[in-house]
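Dear colleague,

I am handing over the structure below, and after it you will find notes on what came out of it. Please read them with the model open beside you.

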Amino acid sequence: MERAQQAKQNFLNGLNCAQAVMLAFSDKLNADENTLKAVGLPMGAGMGRLRLTCGAVSGAAMTLGLLYPEKSKAEMYALVQEFIKRFKEKNGSVICGELLTGAHIKADTSPNPEARTPEYYKKRPCPDLIYDAAAILEEMTGGGQS
């Protein structure tokens with residue numbers, strides 16, 4: 001699970017959840033790292049910090065799209081649905097707010113992100129959720145090979 005560990009580390013180094021997953025697969029994607037960071041930025045914290053779909057899940061879905069641009073709409077939707085099924089089986093939800101409140105964290109929707117302090121990382125389930133998303137993606141894609 002090399003990419004999963006890299007995704008987790010990306011988050012611990014300051015990237016948001018969507019960016020962390022996407023950048024762990026950057027060597028397999030037809031986009032430079034700055035573009036991936038820009039595309040993933042609005043998806044963090046459940047899309048714009050609204051606590052909707054988990055950013056790690058959104059990042060994984062976008063990664064699937066970039067890995068397999070030749071897939072039909074139905075094939076891509078099936079891949080995303082399989083990913084979601086696996087993530088939900090492991091974590092109970094794909095909704096950021098539910099994942100946070102399940103970890104007894106207030107799902108704040110202010111547009112201002114919290115400071116990334118050691119306490120921030122200790123209390124959040126996000127690093128493990130990011131790891132899970134990237135691990136599932138890695139399993140599904142054979143490490144991201146198209």
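Helix H5 covers residues 73-91, and at 1.5 Å a residue its 19 residues should span 27 Å, which agrees with the 26 Å between its end C-alpha atoms; the expected span is taken as 1.5 Å times one less than the number of residues, and helices are DSSP runs (H or I, at least four residues) numbered from the N terminus. This is a predicted model, in which local features need pLDDT of at least 70 and side-chain atom pairs count only at pLDDT 80 or more, while totals for chains, interfaces and linings use all residues. Residues are numbered from 1 along each chain as its sequence is written, and side-chain values use heavy atoms, with hydrogens and water left out.

The buried residues of H5 are Met76, Leu79, Phe83 and Phe87, where buried means under 20% relative accessible area and exposed over 50%, with partly exposed in between (1.4 Å probe, protein chains only). Seen down the axis of H5, these residues fall within an arc of 65°, so they line one face of the helix; the arc is that of the directions from the helix axis to the C-beta atoms. They pack against helix H4 (55-67), helix H6 (96-102) and helix H8 (126-141), with contact meaning heavy atoms within 4.5 Å. The face of H5 turned away from its buried side carries the exposed residues Lys73, Ala74, Gln81 and Glu89, and just after the helix Gly92 takes a positive phi of about 90°.

Turning to the cysteines, the structure holds 0 disulfides, a disulfide being a pair of cysteine sulfur atoms within 2.5 Å. Cys96 is in no disulfide, and the nearest cysteine sulfur, that of Cys54, is 6.2 Å away. The sulfur of Cys126 is 6.2 Å from the closest cysteine sulfur, in Cys17, which is too far for a bond. Cys96 is buried, with a relative accessible area of 8%, and Cys126 is buried as well, at 13%.

A cavity is a set of points on a 1 Å grid over the protein atoms alone where a 1.4 Å probe fits but cannot get out, and lining residues have an atom within 4 Å of a point. About 70 Å³ of space lies in the largest cavity, volume being the space filled by probe spheres set on the points, which are joined across faces, edges and corners. H6 gives the most to its lining, with 3 residues.

Best regards

Definitions and conventions. Helices (H or I, at least four residues) and strands (E, at least two) are DSSP runs, numbered from the N terminus. On a 1 Å grid over the protein atoms alone, a cavity is a set of points where a 1.4 Å probe fits but cannot get out, and a pocket is an open set with protein on both sides within 12 Å along at least five of seven lines; lining residues have an atom within 4 Å of a point.
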